[in-house]
Amino acid sequence: SSDDTDSTAEKPDEDAGEKVETSVAGDASTELDLPTKTFKLAHITATDHMWHLAAEKFNEELQARSGGKMKVEIYPASQLGTEADMVQQVEAGSIDFALITAAYLSARTPDLAAWFTPYAFNSLQDAYEMSQGELGKEMLKQIEGTGLKSLDYLFAGQRVMITKDKEVTKPSDLKGLKMRVTPSPPLTFFYQSTGAAPEALPLPEVYSALQTGVIDGMDMDLDATITNKYSEVAKYATVTNHMVWPSIILTNEKAFNDLSADAQKIITESLVVASKYAVDTRASQEEDFKKQLADQGMTVTELGADVYAEEIQKFDAEYSAKSDLMKRFIEAARN
Amino acid sequence: MTFLTIAIFILLLIMGIPIAMVLGIITIIYFLLNGQVMLLDSTPLRMYSSLENFGLLAIPLFMLMGEIMNEGGITTRLVQFARVLIGHFKGGLAYVTVVANMFLASILGSANAQAAMMSKVMVPQMEKEGYKREFAASITLASSIIAPIIPPSMIFIIYGTLSSTSIGALFMAGIVPGIIYGLVFIGVISFMGYKQNFPKSERATLKVILKSTFQVLPALLIPITVVVGILKGIFTATESAAVACLIAIIVGLFFYRELDLKKIPKMLISTVTNTATVTYLIIMANIFGWMIAFERIPQLLVDSMLSITESPWVFLLLVNIALLVVGMLLDGIAALIILVPVLMPLVVALNIDPVHFGVIICINLTLGLLTPPVGTGLFIVSSMADVKFETLVKSVFPFIVISFIVLLFLTYIPDLVLFVPKMLGM
Amino acid sequence: MVQLLTKFSNLLTKLEEIIMTILMGALAILMIVAVCFRYFLKDPIPWAGEVSIFLLIWTSFIGGSWGLKYGTQASVTFLYDAISDNKKRWLRSAQDLTMIVFLGILIYYAINWMMLPSMLIQKSSALQIPMWIPYSAVPMGLIFAFVHILTRFINNLVNGEPEVVEKVEGGVS
Ligand code: NA
Ligand code: NA
């Protein structure tokens, strides 16, 4: 139904006499077929998180490319509800864009679990390239079908292991450790294969649970370890970078198709810039984050894929068997 | 449109429709008036996910524990224990009421539940010993506000889940303020005692003291286990409620032998229905808050507030005054659920400790139970103790004033609140 | 007709009480067991938190319906207390009618929501059970409440008496 976009789009010449903000793209935007619209974008993270910064970047780009006609109003920190709520509101059309974690979406689209293949990517850049390639696009398609359209990925920092008293230098060190892990099957599977006892505590309780010893450690990223001051209660940060943490930018399929081709193009391009910005910025922060944690008194060590060979094999066998797409994805990531 | 909505809101409240329903109805009306019909599609899920919060599980469990302890004969033993300790002073039974309330507060988490339990026990006893009934009722009512300040606490749990603040840290932060309130009330009573010549009871013999202590110890196992268990990392603050239930059953069955297992289904039902009065409010207040967020009211409020003041101290004063007014009209938990999402961005912007802030607003809204015209504490005690509403309001007034002054001290000396959690490294 | 409706409402109340007893008992036991598994056996139950929340939500919607029938929800009562018995009857009718319309709208949207194609593909994150099971607490609780209030409304119109008058200690602040 992208054929009938022209009939619903607004007349471009309406704004001909208006003063248009100058944009990097010059004044080309005035000749484009664009609606004057403020989109609503919702996500779950705080305003200092990479995803929020990327959403702001998206807004900047969108305004610049549309000559100020299109912009984004951001609703951070789950203001409009949980991830389930946001997906539903995108389906209903009351939110225009939502950033939803692959961890949540994998409960409705099981194929997305392949993104949590341990040690699948050497760097964030690798994961980003995968996301822009054929298989990344095919994954996005799997989410669609209930009125949703998935536009692009947005990556956060990779996963590391934070432990209170026990340094993790090999998988067997995790044996019997109570680790706080986001309750999602592939994550739980990986930790169980190391002999750890995954526990799904709510995030606000994690600090005191770690301090008092309800849990012995957690699966986290460096960003959250710094913001939540976990260094005050945990001694060790093992930078395993064992998994990536993508979110997916969802929009309402019909509303998107109803936009003019020009508007769609500008949105997609702006998202590409925002997504790339997130990966580049986050990758450049890695060393600084490690240093910050070391300065706060944590023992920061690195641990590569080689020690987890057995766990990786188990994971690949289990998840490759689940679907053809997952099999191809895991194979592509390993090569 | 906004004024029309507010007018309908007030009309629905005055009509006497349950507050929870009013919040839901006004949200739906607003969506319809503003042509936001598609938000209705998302409303049922939004209602569901408003309860998708692990911290809220503590509400039914602490309520169940209260039910079990009450059936198991805990109240009378706590009162008896407080009585042998301090009953022989002038105004003894008045002190006993406060102290027994403090003990009971370490087990119960709700001021209303505590006011209901204590007014049945204490008011007749005090009246028999020559106190005026309205005085007995007002002391019982005033000391019931200690229930949610000393842990465990229902309102802290709800604040903790709404603001993503550690419930364990909030619990620890309530200990000192709770004790301060108890001591201040004792001070007020002793001051009144000089003027009014209160009666006193016989001093208990050592044998009676020992016997009463022995009887109360199993009950005090509950707060001890909860605090030790949280600090030792055996369970989280939420889970402590489940463990407390288990101990309450053991104590009621094997120590006091008053717990009738046949009554358990009845207790479970009453636990659920009492829980639902809170959770229904949470559900409806949540969709109401969603409407507010959709209209970007929190952002507007933050901007306009920051243009008035950037001082946390002025902000806290304004919040305290505003909440005192809100507390006169709205149930504490309903007000909390509506206001916390709106106020939290300001708390962050002004660099106020969320634990300190939580204790302040929770105490303030608990005081709302004592303030007319809408004060559930007032309603409960006036009906249970059979004191006219107006009379009770008059006699509890000095306690409200004192409580608010104490609240200002807690606001401006944050260490009174934060000392314990800081000491424990929380 | 009125009697039939009243019977039905009372039957639902019995059902609600059975559901509440079982689910609340299960919730208390599950949480104690979960603590023991983690602390003593060092083997946490990964789905305990998720199932506890399902139980909390089911009990809340069912208990909320029961509470609407017996009037346990906090409300502002000074107008009601101030007026004559005859006017009270009309005010009660107005309250109930407002709530009936409100619940009717919510039920309509809740059923629409349950019928969405995406309902069937959603699974819970830990246990992977279909989400329509916990989700159906919403339409179920709302429909039960609707029946109770409709019954009370009709009884009030016909007999001038609310179906049940029982004073319950309310509020939990
Ligand atoms: Na308490
Ligand atoms: Na009040």
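A definition before anything else: I call a residue buried under 20% relative accessible area, exposed over 50%, and partly exposed in between. I also keep in mind that this is a predicted model.

Entry: the total. I looked up how many salt bridges there are over all chains, and the structure holds 33.

Entry: A:Arg65. Its salt-bridge partner is A:Glu61, with the closest N and O atoms 2.9 Å apart. Both sit in helix H2 of chain A, 4 residues from each other, about one turn of the helix. Is A:Arg65 buried, exposed or partly exposed? Its relative accessibility is 23%, so I put it down as partly exposed. A:Glu61 comes out at 14%, so that one counts as buried.

Entry: A:Lys57. I stayed in chain A and looked at helix H2, which covers residues 50–65. There A:Lys57 forms a salt bridge with A:Glu60, and the closest N and O atoms are 3.8 Å apart. These two are 3 residues apart in the helix, about one turn.

Entry: A:Glu144. I found it in a salt bridge with A:Lys141, the closest N and O atoms being 3.7 Å apart. Which of my classes does A:Glu144 fall into? With a relative accessible area of 18%, A:Glu144 is buried. A:Lys141 reaches 51% relative accessibility, so I wrote it down as exposed.

Entry: a network. Salt bridges with shared partners link A:Glu61, A:Arg65, A:Lys265 and A:Glu269 into one network.

Definitions and conventions:
Residues are numbered from 1 along each chain as its sequence is written. Chains are lettered from A and ligands numbered from 1 in the order in which they are written. This is a predicted model: local features need pLDDT of at least 70, side-chain atom pairs count only at pLDDT 80 or more; totals for chains, interfaces and linings use all residues. Side-chain values use heavy atoms; hydrogens and water are left out. A salt bridge is a side-chain nitrogen of Lys or Arg within 4 Å of a carboxyl oxygen of Asp or Glu. Buried means under 20% relative accessible area, exposed over 50%, partly exposed in between (1.4 Å probe, protein chains only).
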